[in-house]
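Subject: Structure handover and notes

Hello,

Here is the structure you will be working with. Please open it beside this email and follow along.

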Amino acid sequence: MATELDFQSKVFEKQTIEVGGQKERVVVGGRHLLPLLPKAFAGIKQIGVIGWGSQGPAQAQNLRDSLEGTGIKVKVGLRSDSSSMKAAREAGFSEQNGTLGEQLDVVAESDLVLLLIADSAQATLYPEVFKRLRPGATLGLSHGFLLGHLRNVGVDFPKNINVVAVCPKGMGPSVRRLYVQGKEVNGAGINASFAVHQDVDGRATDLALGWSVGLGSPYTFMTTLESEFKSDIFGERGILLGAVHGVVEAVYRRLVAQGMSKEDAFLNSCESVTGPISNTISKQGILAVYEGLDAAGKKVFEQAYAASYGPAKEIMLEIYQEVASGNEIESVVMAGERLKRFPMSTIDQTQMWQVGQKVRARRAETKTPVHPFTAGVYVGTMMAQIDVLIEHGHPMSEVANESVIECVDSLNPYMHARGVAYMIDNCSTTARLGARKWAPRFDYILEQMAFAGIDAGKPTDAKLVDAFKKHVIHPVLKACGQMRPSVDISVV
């Protein structure tokens with residue numbers, strides 16, 4: 001059972017929601033809260049955004065827009081030889097107006113430092129960052145990776161600074177795109193978790209909440225930095241990126257082997273997941289996918305769900321243990337040097353993704369079905385991830401966001417519009433590495449265990465299906481859905 005978390009804010013009103021028998025305190029965001037930001041950021045003259053990867057561009061621009069007219073400067077810090085300097089200038093940050101500089105100089109002069117460089121770079125650069133942070137400054141993270149790495153090497157954060165985290169539950173382009181949409185529809189944005197790891201002056205909670213509100217988060221829920229890095233790194237390797245890639249590859253090949261055309265196989269595997277299945281989960285919840293099927297479809301779903309849940313959970317548990325032990329974090333650090341020799345290639349070169357380009361091009365002519373077998377495999381894998389997080393005591397809002405909401409509201413829409421490579425390769429290096437490492441494991445275990453069991457006539461486990469129908473995640477998603485923005489992300 002998750003520990004109930006609470007916080008006190010002098011600036012923002014918190015609400016209490018009931019999720020899975022637990023009470024959680026959240027801040028519901030919106031444009032009407034932006035006038036509170038000067039109070040939340042009291043004493044902050046400059047926010048330094050360090051890095052221009054997945055999150056850097058979105059967070060720097062969102063905060064700059066939210067703080068316009070307040071006198072609080074948002075300044076981007078990059079390596080002097082960074083290839084991203086040009087992109088930062090094109091976004092309106094420049095040396096001439098004092099909003100662009102060398103990264104360590106920006107660290108030294110900022111009151112709130114948002115360290116958004118790649119995780120492997122954080123593992124290398126953190127001693128210099130710590131050395132340059134002002135006493136009483138606040139270090140902001142959008143990922144708990146650095147905490148995991150510091151534990152691996154036996155180091156701690158400096159004791160004279162605040163350490164907070166705001167972790168948007170979506171890739172950077174989603175964070176920016178929905179913020180822009182929010183200018184027209186109040187509340188549009190990407191949900192975020194926040195954590196206060198170290199508070200030296202009593203300001204840390206309001207600084208973190210102000211940061212999240214400034215990013216445009218529709219709702220912000222509390223977690224811990226440790227819980228965040230475990231759920232986030234785990235989730236990326238699971239249903240958010242790695243597992244969904246493995247699931248659709250495995251189902252696609254199975255449908256082709258059963259005699260379906262390649263185009264129809266893509267339509268009934270990947271398109272079904274990223275289109276109607278994701279849309280249904282987003283608006284109505286996971287159970288609605290099952291309930292929307294006819295009697296024959298429900299039977300197929302139940303067979304696929306029961307066969308896939310166990311094998312998927314086996315891999316999910318292995319991933320969680322690898323993350324929690326520090327092994328997965330260390331593998332990312334080691335990859336930092338390797339990637340200089342062997343950069344990551346794109347992952348959309350297989351037959352399936354080539355066929356997918358053609359299917360997406362003629363999408364307007366074709367209605368995408370909810371394929372019951374695909375739905376059963378995908379939902380079974382998603383539920384396996386949900387259960388692993390619950391069993392390890394994660395807050396229910398974190399479980400819902402890391403296993404469901406981020407999938408269907410942020411990531412899958414990009415895979416639907418532009419393919420798996422765009423979805424994965426616009427995420428962090430840590431996420432990209434994890435997806436490449438674990439997707440084949442899901443693909444393999446589903447084919448070798450789940451599908452082989454079905455073909456051998458293994459009976460459907462009715463207890464597993466019944467547990468799915470009664471699962472606590474369904475009312476949790478309903479509670480979270482009440483805070484969902486009224487608009488879908490635009491990926492045009």
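This is a predicted model: local features need pLDDT of at least 70, side-chain atom pairs count only at pLDDT 80 or more; totals for chains, interfaces and linings use all residues.

Residues are numbered from 1 along each chain as its sequence is written, and side-chain values use heavy atoms, with hydrogens and water left out.

The sheet

Helices (H or I, at least four residues) and strands (E, at least two) are DSSP runs, numbered from the N terminus. Two strands pair if DSSP finds at least two bridges between them. In what order do the strands of the open sheet lie? There are 10 strands, in the order β1-β2-β10-β9-β8-β7-β6-β3-β4-β5, and the pairing is mixed. The edge strands are β1 (15-19) and β5 (100-102), each of which pairs on one side only. From one strand to the next, the twist averages 30 degrees; angles of this kind run from 0 to 180 degrees between N-to-C directions, and axes are lines fitted to C-alpha atoms, for helices over the stretch in contact.

β1 pairs with β2 (residues 22-28) in the antiparallel sense over 5 bridges. Glu18 stands opposite Lys23 of β2, and Val19 stands opposite Gln22 of β2. The two strands form a hairpin with 2 residues between them, and Gly20 in the turn has a positive phi of about 60 degrees. β2 is also joined to β10 (residues 219-222) by 3 bridges, and these two strands run antiparallel. Here Val26 stands opposite Phe221 of β10. As for burial, 5 of the 7 residues of β2 are buried, where buried means under 20% relative accessible area, exposed over 50% and partly exposed in between (1.4 Å probe, protein chains only).

Now move to β7 (residues 138-141). Are its faces covered or uncovered? Both are covered: Thr138 and Gly140 on one side are buried, as are Leu139 and Leu141 on the other. β7 has parallel partners in β6 (residues 112-115), through 4 bridges, and in β8 (residues 162-168), also over 4 bridges. Leu141 of β7 is the bridge partner of Leu115. Towards β8, Thr138 stands opposite Asn162 and Leu139 stands opposite Val163.

β7 also belongs to two β-α-β units. One is made by β6, helix α5 (residues 119-132) and β7, and is right-handed. The other is made by β7, helix α6 (residues 145-153) and β8, and is right-handed too. A crossover is right-handed if, with the strands pointing away from the viewer, the path from the first strand over the helix to the second runs clockwise.

The helices

Two packed helices are described by the angle between their axes and the distance between the axes. The axes of α5 and α14 (residues 327-341) come within 8 Å and cross at roughly 90 degrees. These two helices are therefore roughly perpendicular, since angles under 35 degrees count as roughly parallel, over 145 as roughly antiparallel, 65 to 115 as roughly perpendicular and the rest as oblique. Asp119, Ser120 and Ala123 of α5 make the contact with Val332, Val333 and Gly336 of α14; contact means heavy atoms within 4.5 Å.

A second pair is α10 (residues 242-257) and α15, whose axes come within 10 Å and cross at roughly 85 degrees. α10 and α15 are therefore also roughly perpendicular to each other. His245, Val248, Glu249 and Tyr252 in α10 meet Gln351, Met352, Trp353 and Val355 in α15.

How far does α16 (residues 372-391) reach? Its 20 residues span 28 Å from first C-alpha to last, close to the 28 Å expected at 1.5 Å a residue; the expected span is 1.5 Å times one less than the number of residues. Of the 20 residues of α16, 18 are buried. After α16 comes Gly393, whose phi is positive, near 80 degrees.

Thr346 lies in the loop between α14 and α15 (351-361). Its relative accessibility is 45%, so Thr346 counts as partly exposed. Leaving aside neighbours within four places in sequence, Thr346 is in contact with Asp425 and Arg436. Thr346 and Lys39 are 307 residues apart along the chain, and their C-alpha atoms are separated by 45 Å.

Regards
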